[in-house]
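Dear colleague,

I am passing on a structure that I would like you to look over when you have time. It is shown just below, and my notes on it follow.

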Amino acid sequence: MAARTTRKSVIFSNPFILSGLDEILPSGIYEVETDEELMEGLSFQAYRRVLTVIQLPSSSGNPLLTRAFTVDPDDLDAAISRDQKAISSTA
């Protein structure tokens with residue numbers, strides 16, 4: 001089965017939270033990777049998202065270490081939306 005991975009950077013201007021984590025994450029730039037697989041049997045090419053991972057700073061505070069967290073894409077989108085609303089309400 002054919003698969004693809006897309007990468008993007010997400011900027012949070014404010015501290016934020018994600019479901020499944022018991023911590024508040026600091027503002028900053030976060031790398032997000034999404035794995036998708038080709039849906040077979042269709043008359044057109046379409047992909048289904050199977051995994052979304054965000055790279056988080058290490059809980060030890062060491063800037064050279066990171067940790068990967070599997071995140072619900074809808075939860076990530078909601079966190080991004082909350083951050084953008086917070087920015088626009090202070091402008």
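Arg-67 is partly exposed, its relative accessible area being 24%, and the model in which this value was computed is a predicted one. The side chain of Arg-67 forms a salt bridge with Glu-23, with 2.8 Å between the closest N and O atoms. This pair joins distant parts of the chain, since Arg-67 belongs to strand 4 and Glu-23 to the loop between strand 1 and strand 2, 44 residues apart. Glu-23 is likewise partly exposed, with a relative accessible area of 28%.

As for the fold around that pair, four strands make up an open sheet in the order 1-2-3-4, with antiparallel pairing. Strand 1 and strand 4 (66–70) are the edge strands, each of them pairing on one side only, and from one strand to the next the twist averages 25 degrees. Strand 1 pairs with strand 2 (residues 28–38) in the antiparallel sense over ten bridges, and Ala-3 has Glu-37 in strand 2 as its bridge partner. Helix 1 (residues 73–90) packs on the sheet, where it touches strand 1, strand 2 and strand 3 (47–57), and its direction makes about 25 degrees with that of strand 1. Strand 2 and strand 3 are paired over seven bridges, again in the antiparallel sense, with Asp-35 standing opposite Leu-51 in strand 3. Between strand 3 and strand 4 there are five bridges, also antiparallel, and the bridge partner of Val-53 in strand 4 is Thr-70.

Salt bridges deserve a paragraph of their own, and the structure holds four of them. Arg-7 counts as exposed at 59% relative accessibility, whereas Glu-33 is partly exposed, with a relative accessible area of 30%. Another salt bridge brings together the side chains of Glu-37 and Arg-48, at 2.9 Å from N to O, and it links Glu-37 in strand 2 to Arg-48 in strand 3, eleven residues apart. Glu-37 counts as partly exposed at 23% relative accessibility, and Arg-48 as partly exposed at 37%.

Ala-2 and Glu-37 are 35 residues apart in sequence, yet 5.9 Å apart in space from C-alpha to C-alpha. Leaving aside residues up to four places away in sequence, Ala-2 touches Glu-36, Glu-37, Leu-38 and Tyr-47. Tyr-47 has a charged neighbour too, as the charged end of Arg-4 sits over its ring, 3.7 Å from the centre.

Finally, the aromatic pairs come to three. Phe-12 and Phe-16 are stacked, at 3.6 Å centre to centre and with 10 degrees between the planes, and both residues are buried. Phe-12 and Tyr-30 form an edge-to-face pair, at 5.9 Å centre to centre and with 80 degrees between the planes; Phe-12 lies in strand 1 and Tyr-30 in strand 2, so this pair ties together parts that are 18 residues apart in sequence. Tyr-30 is buried, as is Phe-12, and Phe-12, Phe-16 and Tyr-30 form one aromatic cluster.

Key:
Residues are numbered from 1 along each chain as its sequence is written. This is a predicted model: local features need pLDDT of at least 70, side-chain atom pairs count only at pLDDT 80 or more; totals for chains, interfaces and linings use all residues. Side-chain values use heavy atoms; hydrogens and water are left out. Contact means heavy atoms within 4.5 Å. Two strands pair if DSSP finds at least two bridges between them. Helices (H or I, at least four residues) and strands (E, at least two) are DSSP runs, numbered from the N terminus. Axes are lines fitted to C-alpha atoms, for helices over the stretch in contact, and angles run from 0 to 180 degrees between N-to-C directions. Rings of Phe, Tyr and Trp (its six-membered ring) pair if their centres lie within 6.5 Å; planes under 30 degrees apart count as stacked, over 60 as edge-to-face and the rest as tilted. Buried means under 20% relative accessible area, exposed over 50%, partly exposed in between (1.4 Å probe, protein chains only). A charge sits over a ring if NZ of Lys or CZ of Arg is within 6 Å of the ring centre and within 35 degrees of the ring normal. A salt bridge is a side-chain nitrogen of Lys or Arg within 4 Å of a carboxyl oxygen of Asp or Glu.
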